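These are my notebook entries on one structure. I record what I looked up, in the order in which I looked.

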Amino acid sequence: MKWAALGLVAVGGVIGLAVAGATTTVVEKTGTNEFCLACHEMSWPQETYTQQAHYKNASGVRAPCITCHVDSHPWTDYLWGKATAGAKDVWGHFTGELSTREEYDAKREEMSEQVWAYLERTDSETCRTCHDEAAMALEKQSQAAQFAHQQAQGANLTCIACHKGIGHGPVGDQAASHGHANEMADLAGELADVLGSQK
C-alpha cells in the first residue's frame with residue numbers, strides 16, 4: 001500500500017512537470033512576434049511598430065509586441081491576458097473583422113484609444129516592465145524630456161498620458177500635427193493638455 005501511494009505521487013509529479021513544461025513552451029512560442037504575424041491582419045500594426053523606438057533605437061533593445069500588450073506580473077495575469085487577447089484576435093481573424101488594410105486603418109484610432117484607456121487604468125503597468133522612473137538619468141535626456149519628466153512626476157502622471165503613439169505612431173489629431181512642431185513644443189503642448197485635464 002505504501003509503495004503504491006509513493007508510486008502514485010511519483011507518477012503525479014512526473015505528469016505535473018510534463019504539463020508545466022508543455023504550458024511554458026506553448027506560452028513562450030505563442031508570445032513571439034513571429035507567431036502573431038501568422039495572421040495577415042497583424043502585418044499592418046507590424047509596419048507601424050517597425051518605424052518606432054520600441055523596434056529600432058540607439059541602444060538596440062527591442063520590445064516584442066507581448067511586452068507592451070500583456071501584463072507579465074503575476075504569472076496568472078500573464079496567462080489570463082494572453083488567453084483573452086489571443087481569443088479576441090482569433091475571433092477577429094475568423095470573423096474577418098479586420099480583413100483589409102482599409103478596415104484596419106478605419107479602426108486604428110478606436111483600437112489605440114482602448115489600449116490607452118487600459119494603460120491609464122493600470123498606471124502603464126506594461127511600460128513599467130522595462131521602464132523605471134527611479135532609474136531615469138534625467139541629465140542624459142534632452143532638455144525637453146527632462147522638463148516633461150520632471151513635470152509629469154510632480155503631477156503623478158502615468159507614462160501613457162504623454163507617450164500616446166509610442167508603439168505604433170501617431171493617430172487621429174496626433175497624425176495631422178505630427179512633424180509640424182519641434183520636440184519641445186510637442187512635449188510642452190502634450191503636457192499642458194494633460195495637466196489641464198487633471199484639474
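**Entry 1: salt bridges.** I began with the term itself: a salt bridge is a side-chain nitrogen of Lys or Arg within 4 Å of a carboxyl oxygen of Asp or Glu. I worked on a predicted model, in which local features need pLDDT of at least 70 and side-chain atom pairs count only at pLDDT 80 or more, while totals for chains, interfaces and linings use all residues. I also noted that residues are numbered from 1 along each chain as its sequence is written, and that side-chain values use heavy atoms, with hydrogens and water left out.

By the salt-bridge rule I count 5 salt bridges. One of them joins the side chains of Arg 101 and Asp 105, at 3.3 Å from N to O. Arg 101 and Asp 105 lie 4 residues apart in helix H6, so about one helical turn separates them. For helices I used DSSP runs (H or I, at least four residues), numbered from the N terminus.

I then looked up accessibility, where buried means under 20% relative accessible area, exposed over 50%, and partly exposed in between (1.4 Å probe, protein chains only). Arg 101 has a relative accessible area of 29% and is therefore partly exposed. Asp 105, with 41%, is partly exposed too.

A salt bridge also forms between Glu 97 and Lys 107, at 3.0 Å from N to O. This pair links distant parts of the chain: Glu 97 is in the loop between helix H5 (75–95) and H6, and Lys 107 is in helix H6, 10 residues apart. Glu 97 counts as partly exposed because its relative accessibility is 39%. Lys 107, at 24%, also counts as partly exposed.

I found a further salt bridge between Glu 133 and Arg 128, whose closest N and O atoms are 3.8 Å apart. Salt bridges that share partners join Glu 47, Arg 101 and Asp 105 into one network.

**Entry 2: Arg 108.** Is Arg 108 buried or exposed? Arg 108, found in helix H6, is buried yet has no salt bridge. The nearest side chain of opposite charge is that of Asp 105, 5.8 Å away. For charge, Lys and Arg count as positive and Asp and Glu as negative, while His and the chain ends are not counted. I next listed contacts (heavy atoms within 4.5 Å). Leaving aside neighbours within four places in sequence, Arg 108 is in contact with Thr 48, His 168, Gly 169, Pro 170 and Val 171.

**Entry 3: helix H7.** The expected span of a helix is 1.5 Å times one less than its number of residues. For the 12 residues of H7 (residues 143–154) this rule gives 16 Å, and the end C-alpha atoms are 17 Å apart, which agrees. Which residues of H7 are buried? They are Ala 144, Ala 145, Ala 148, His 149 and Ala 152. These residues cover an arc of only 120° around the axis, so they lie on the same side of H7; the arc is that of the directions from the helix axis to the C-beta atoms. On the other side, Gln 143 and Gly 154 are exposed. After H7 comes Asn 156, with a positive phi near 60°.

**Entry 4: confidence.** Finally I checked pLDDT, the predictor's confidence in each residue, from 0 to 100. The protein chain has a mean pLDDT of 83, and 86% of its residues reach 70 or more. Confidence is highest in helix H6 (residues 101–121), at a mean of 93, and lowest in helix H9 (residues 183–198), at 58. Over residues 178–184 the pLDDT is below 50, and this stretch has 6 contacts in the model beyond near neighbours in sequence. Where pLDDT is low, the predicted coordinates should not be read in detail.

Note on methods. Helices (H or I, at least four residues) and strands (E, at least two) are DSSP runs, numbered from the N terminus.
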